Amino acid sequence: MADLQNLIERNRQFADQYEGNLSIIPRFSTMVFTCVDARIDPAHFLGLGLGDALVFRNAGARVTNDVELELGILWTLASRLSGGALPSLALAIIQHTDCGYERLANPELQQALSRNLGVDKAEFGALANADHPETIRKDIERLHRSPLVPNELVVSGHLYNVTDGLLQEVVAPAPLQSGT
Ligand SMILES: [Zn+2]
């Protein structure tokens with residue numbers, strides 16, 4: 001509760017300085033998809049301000065069914081907001097070093113999670129990102145195959161280093177239709 005009170009107090013301070021009337025259309029056409037890790041907020045390491053970019057996050061920054069669906073929805077919304085034109089959206093997938101999901105590659109942890117959650121342990125192995133370049137490439141390939149994600153979407157892959165704060169390119173930006 002003390003944490004929540006603290007957060008609510010921070011919000012009051014934020015609202016005191018807040019200037020509204022931001023456009024629903026972000027300044028940048030590049031969307032950021034990254035992990036929920038508390039060390040890697042894109043507002044900090046990419047310098048994003050309010051209204052700059054669409055940001056979505058999940059644990060591990062792995063492409064799941066939900067991510068595919070969200071991308072399909074966002075693409076359609078973007079098209080409608082621009083009067084039916086083809087959106088010029090791009091997606092930057094950003095995994096990071098020392099990610100909690102690297103640990104999902106551990107068979108003992110997979111076994112424990114399977115017991116606790118009643119989910120097949122293979123599911124956890126598939127979500128592991130111990131080999132970041134490999135899983136980023138796999139996820140881009142998955143987007144390429146997805147019927148929900150438009151092939152015009154430009155996608156790139158990156159690895160953020162939690163030690164030095166630097167972003168490294170793993171996969172150069174390219175439209176999904178160009179194949180990976
Ligand atoms: Zn992570």
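Helix H3 (residues 65-81) lies across S1, S2 and S3 and runs at about 170° to S2; angles here run from 0 to 180 degrees between N-to-C directions, with axes as lines fitted to C-alpha atoms, for helices over the stretch in contact. H6 also packs on the sheet, where it touches S3, strand S4 (154-160) and S5, and its direction makes about 150° with that of S3. The model is predicted: local features need pLDDT of at least 70 and side-chain atom pairs count only at pLDDT 80 or more, while totals for chains, interfaces and linings use all residues. Residues are numbered from 1 along each chain as its sequence is written, and side-chain values use heavy atoms, with hydrogens and water left out. Helices (H or I, at least four residues) and strands (E, at least two) are DSSP runs numbered from the N terminus.

**The sheet**

- Five strands form an open sheet of mixed pairing in the order S2-S1-S3-S4-S5; two strands pair if DSSP finds at least two bridges between them.
- Strand S2 (55-58) and strand S5 (167-175) stand at the edges with a single partner strand each, so one side of each has no neighbour in the sheet.
- On average, neighbouring strands of this sheet are turned by 15° against each other, direction ignored.
- S1 and S2 run parallel and are joined by four bridges; phenylalanine 33 has phenylalanine 56 in S2 as its bridge partner, and cysteine 35 stands opposite asparagine 58 in S2.
- S1 and S3 also run parallel, joined by five bridges, and threonine 30 stands opposite alanine 90 in S3.
- S1 is largely enclosed by the rest of the structure, because five of its six residues are buried (buried means under 20% relative accessible area, exposed over 50%, partly exposed in between, with a 1.4 Å probe and protein chains only).

**The zinc site**

- The protein donors of the zinc ion are Cys35 (SG), His96 (NE2) and Cys99 (SG), lying 2.0 to 2.2 Å from it; donors are N, O and S atoms within 2.8 Å of the metal (3.2 Å for Na, K and Ca), and sites may look incomplete since water is not among the atoms.
- Cysteine 35 lies in strand S1 (residues 30-35) and cysteine 99 in the loop between strand S3 (90-96) and helix H4 (107-117), so the pair ties together parts 64 residues apart in sequence.
- Cysteine 35 is buried at a relative accessible area of 4%, and cysteine 99 is buried at 1%.

**Aspartate 139**

- Aspartate 139 is found in helix H6 (residues 132-145) and is buried, with a relative accessible area of 2%.
- Leaving aside neighbours within four places in sequence, aspartate 139 is in contact (heavy atoms within 4.5 Å) with Ala61, Arg62, Val63 and Gln95.

**Salt bridges**

- The count comes to eight salt bridges, each a side-chain nitrogen of Lys or Arg within 4 Å of a carboxyl oxygen of Asp or Glu.
- Arginine 27 and aspartate 52 meet in a salt bridge (2.8 Å, N to O); arginine 27 is exposed at 56% relative accessibility, whereas aspartate 52 is buried at 10%.
- Aspartate 98 forms a salt bridge with arginine 39, with the closest N and O atoms 2.9 Å apart; aspartate 98 is in the loop between S3 and H4 and arginine 39 in the loop between S1 and H2, 59 residues apart.
- Within helix H6, glutamate 141 and arginine 145 are four residues apart, about one turn of the helix, and form a salt bridge with closest N and O atoms 3.9 Å apart.
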